[in-house]
Amino acid sequence: MPRKKIALIGAGQIGGTLAHLAGLKELGDVLMFDILEGTPQGKSLDLAESSPVEGFDAKMTGVNDYKDIAGADVVIVTAGVPRKPGMSRDDLLGINLKVMESVGKGIGAHAPDAFVICITNPLDAMVWALQKASGLPANKVVGMAGVLDSARFRYFLASEFDVSVEDVTAFVLGGHGDDMVPLVRYSTVAGIPLPDLVKMGWTTHEKIDAIVERTRKGGGEIVNLLKTGSAFYAPASSAIAMAESYLRDKKRVLPCAAYLDGEYDVKGMYVGVPVVIGDKGVERILEIEMTKDERDMFAKSVESVKSLVEACKGINPAFA
Ligand code: A3D
């Protein structure tokens, strides 16, 4: 069986980490594209030179021409600019919208059969723009945010309880912004929901509230520490989990920014919800019951996404 081909659009901090992880996991041959000449070539060569030490077989190639992504099975998009301290994700809208336009056209022309994962911020609006610009079916274009947000939630909870991260599951819904919706009721330690752990005296409501708040602001916490960019290790791991579920038809249930066509009473927008990812792309959207409070939080998050999508249409009427 020929190796799968993974194209990475953007060879920056996340792009380089994606290539490294894809190599280590032998997901396929990796092709890195960037507008900068030399960067994707240099990173690819460096990574290829690590392969004999790590013992993986994967071709690593750096390119500056979209025609080289032809035949890609998966395309992961990180092209654009990241946040600096003091910036919100939404401040990136104007610049990154233009980038999504050119990247979308490149993918549509050269890799129309690929499964596309967008990471560029502001995520929910950028994945929407990327899908429109590429012309690919909505179930083949998805945004990475929920896997990262729930990984942060899981890590904070595991630290609070002093248990393995493997035994903590977490559930985050909504847009990838500070009003995302971490669902406490659906988050568990070995199947025991958080409210029950409060009853068992493992933690308190106040501590859970503080963890929820830290999760919501998790991206900003890292931006403030790094000062020169945003998180890249955990975002790359999260997107690789999604790519692996597609490539190996694992049918994992993962929170992703998916195109909603009436689900959750949202139409024509991308919002973070649990989905099944298999070899057909987004194969199913799980619609869960929410309490009134959860519905209100979700509605607020959807409103934020909607205002960004409207702003995109204002900047470039071609998206309307
Ligand atoms: P960075 O290291 O700056 O890499 C971005 C790369 O994109 C650079 O190498 C640029 O040269 C390249 N680029 C810029 N314009 C184009 C273009 N038109 N075509 C192709 N390549 C281009 O950033 P990063 O890797 O740290 O972050 C990438 C994006 O991911 C940013 O928008 C971040 O805000 C976003 N991000 C999202 C999350 C989510 O959870 C959704 C988390 C962390 C970062």
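**Ligand site and selected residues in a predicted model**

User: Where does the ligand sit, and which helix gives the largest share of the shell around the ligand?

Analyst: The ligand sits in the largest pocket, and of the 28 residues around the ligand those that come nearest are Gln13, Ile14, Asp34, Val81 and Ile119. Two helices, α1 (13-24) and α3 (93-110), each supply at least two residues of this shell. The largest share, 3 residues, comes from α3.

User: Is Cys256 buried or exposed?

Analyst: Cys256 belongs to strand β12, which covers residues 252-261. Beyond its neighbours within four places in sequence, Cys256 is in contact with Val142, Gly143, Met242, Val271, Gly272, Val273, Val275 and Ile277. Because its relative accessibility is 0%, Cys256 counts as buried.

User: How far apart in space are the C-alpha atoms of Cys256 and Pro193?

Analyst: Along the chain, Cys256 and Pro193 are 63 residues apart. In space, from C-alpha to C-alpha, the separation of Cys256 and Pro193 is 22 Å.

User: Which peptide bond is cis, with omega near -5 degrees?

Analyst: Most peptide bonds are trans. The proline concerned, Pro122, has its place in the loop between β5 (115-118) and α4 (123-134). The cis bond, with omega near -5 degrees, runs from Asn121 to Pro122.

User: What is the phi of Asp162, and is Asp162 buried or exposed?

Analyst: Most residues other than glycine have a negative phi, whereas the phi of Asp162, which is not a glycine, is positive, near 55 degrees. Asp162 lies in the loop between α5 (146-161) and β7 (168-169). Because its relative accessibility is 70%, Asp162 counts as exposed.

User: What is the relative accessible area of Asp265?

Analyst: Asp265 is found in the loop between β12 and β13 (267-278), and its phi is positive, about 60 degrees, although Asp265 is not a glycine. Asp265 is exposed because its relative accessible area is over the cut-off of 50%, the value being 80%.

User: How far apart are the C-alpha atoms of Gly175 and Phe298?

Analyst: Gly175 lies in the loop between β8 (172-173) and β9 (181-182), and at 3% relative accessibility Gly175 counts as buried. Leaving aside neighbours within four places in sequence, the contacts of Gly175 are Asp124, Met180, Val271, Gly272, Ser301 and Val305. Although Gly175 and Phe298 are 123 residues apart along the chain, their C-alpha atoms are separated by 8.4 Å.

Notes: Residues numbered from 1 in each chain as written. Predicted model: local features only at pLDDT ≥ 70, side-chain atom pairs only at ≥ 80, totals over all residues. Heavy atoms only, no water. Helix = DSSP H or I, 4+ residues; strand = E, 2+ residues; numbered from the N terminus. Buried < 20%, exposed > 50% of the residue type's maximum accessible area, 1.4 Å probe, protein only. Contact = heavy atoms within 4.5 Å. Near = heavy atom within 4 Å. 1 Å grid on protein atoms, 1.4 Å probe; cavity = no way out; pocket = protein on both sides within 12 Å on 5 of 7 lines; lining within 4 Å. Sits in = over half its atoms within 2 Å of the grid points.
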